[in-house]
Amino acid sequence: MHLYKLLSRRILIGVGIMGNVFEEVVKEYRLFKNRDVLSPHYLPSELPFREEEIRELSQKIAPVLSGRKPENVFIYGKTGTGKTAVTKKVLSDLNDYARSHNIPAMGIYVNGMRESEHSVLLKLVRHLDPSRDLIGYSTSAVYDKLLELIDGRGLRLVVALDEIDMIKRLRDLIYRLNRANDELERGSISIIGISNNPTFKEQLDARTRSTLCEVELVFPPYNAEQLRIILEQRAQEAFKEGAVAPEAISLAAALAAKHSGDARYALQLLLRAGDIAEEEGAPRVEREHVERARQLVEEEIVYEMVASLPEQHRAVLMALASLKLGKKGVSSFGGEKVVTSGLLYSYYRKVAEDHVLTPVSDRQFREYLNELETYGIISVKTAGKGFRGNTRIVDLNVDPAKLLAVVRRSL
Ligand SMILES: Nc1ncnc2c1ncn2[C@@H]1O[C@H](COP(=O)(O)OP(=O)(O)O)[C@@H](O)[C@H]1O
Ligand SMILES: [Mg+2]
């Protein structure tokens, strides 16, 4: 963030009182042609190495175009493997096709972050009829409206629920959306569920799982060579000609390949390397800029991830960061401050209560620790000598003060 501040400060100093300020601001980018192309929200027109996935997904949902209900699809794969981009592309093509052929079929994309059963149903109704104001309606009433709208048009609906693990009362939502197919006289609802978490499916109860996972698509991570080609393509749109050294792109691709084949990480590296090179007035983005961008991007990704976690997970992290900062009685062992899982659990309970959350059971708490460890934000190990039985030590893999600041803002 401070990079932008530096940039804008320089812009202001540079402008003085002459001329149109925007001319100077535009001139300020010596390397970027269109920086937005590297933003995670940009949807590229081409998705190399995902032709197969695009074909499979479109084949699975194609029945909506001939008046039949497709099976529900569950898509999973690590972060940055193109799940969101592919789904958006397929739904957008579906909508274009349905519109131009006058077929009552429609795809709606919903990101599950901070959504609940109620808010998702509300979004679907609003999408189908923006004039309808359903504030204050019960969930059942919103659901009835949704059925009415679908039935009225005989609509075949495909609802993509991205980051599906974040949705509150997901079980009820899936149950309801699926039951709609028994209640509707005309039309149908199919679901595309998307998750970054490979173990999410196992956490679902048997009924939700069998409903949601009628068809499964797994997105594999990209390798270094694929990432290099993806980056090259994007760099051509984002940077002026010759503004990026090929070795800089190769390095970003290699680093992202090690970072579980994450295309988003690769793009972010290139974006920040570009910012750093712009900031220091370098004539070209070099390897060295990518190397320096690395630390920055790793922090950004951790913090974005933390902000997107469910409240309970954030409460656990808040408790751990506070303990690490020595705010509460941390046991000291051999001169080193350590946090045992027992201490963390009791402090977590307090943090949860302070934030009007109901503390979860010890068993569920251990499940949270496993998940946070999977995300790479904490490490858990057995304490060993000097500790009772199977005491576990929980460590934080990021700076506790910075983490605390992020969690506080979002809890
Ligand atoms: N095959 C690809 N070609 C070009 N860009 C891609 C490709 N796959 C992913 N991306 C880009 O990488 C970023 C992450 O992709 P995204 O679809 O959000 O991944 P996921 O949803 O699996 O986490 C996005 O900016 C996306 O545009
Ligand atoms: Mg995604």
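Predicted model: local features only at pLDDT ≥ 70, side-chain atom pairs only at ≥ 80, totals over all residues.
Residues are numbered from 1 along each chain as its sequence is written, chains are lettered from A and ligands numbered from 1 in the order in which they are written, and side-chain values use heavy atoms, with hydrogens and water left out.

The C-alpha trace spans about 65 × 65 × 45 Å along its principal axes. Of the 411 residues in the protein, 48% are buried, that is, under 20% relative accessible area with a 1.4 Å probe and protein chains only.

### Ligand 1

The shell around ligand 1 holds 22 residues, and the closest are Pro48, Gly80, Lys83, Thr84 and Tyr222. A residue belongs to this shell if one of its heavy atoms lies within 4 Å of the ligand. Domain 2 (51-218) and domain 3 (222-307) both contribute residues, so ligand 1 lies between them; the domain bounds come from an automatic or database domain assignment. Helices α4 (83-100), α10 (224-238) and α12 (263-279) each supply at least two residues of the shell.

Polar contacts are pairs of N or O atoms within 3.5 Å.

| Residue and atom | Ligand 1 atom | Distance |
|---|---|---|
| Glycine 82, backbone N or O | oxygen | 3.1 Å |
| Lysine 83, side-chain N or O | oxygen | 2.7 Å |
| Tyrosine 222, polar side-chain atom | nitrogen | 2.7 Å |

On its own, ligand 1 has 560 Å² of accessible area, and the protein covers 94% of that.

### Serine 188

Serine 188 is found in strand β4, which runs over residues 188-195. Its relative accessibility is 2%, so serine 188 counts as buried. Apart from neighbours within four places in sequence, serine 188 is in contact (heavy atoms within 4.5 Å) with Lys69, Ile150, Leu155, Arg156, Leu157 and Asn181.

Across the protein, 71% of the contacts with a separation of 6 or more are between residues 24 or more positions apart.

Technical notes:
Helix = DSSP H or I, 4+ residues; strand = E, 2+ residues; numbered from the N terminus. Buried < 20%, exposed > 50% of the residue type's maximum accessible area, 1.4 Å probe, protein only. Polar contact = N/O pair within 3.5 Å; in protein donor to acceptor, adjacent residues only side chain to side chain. Areas by Shrake-Rupley, 256 points an atom, 1.4 Å probe, with all protein chains shown as cover.
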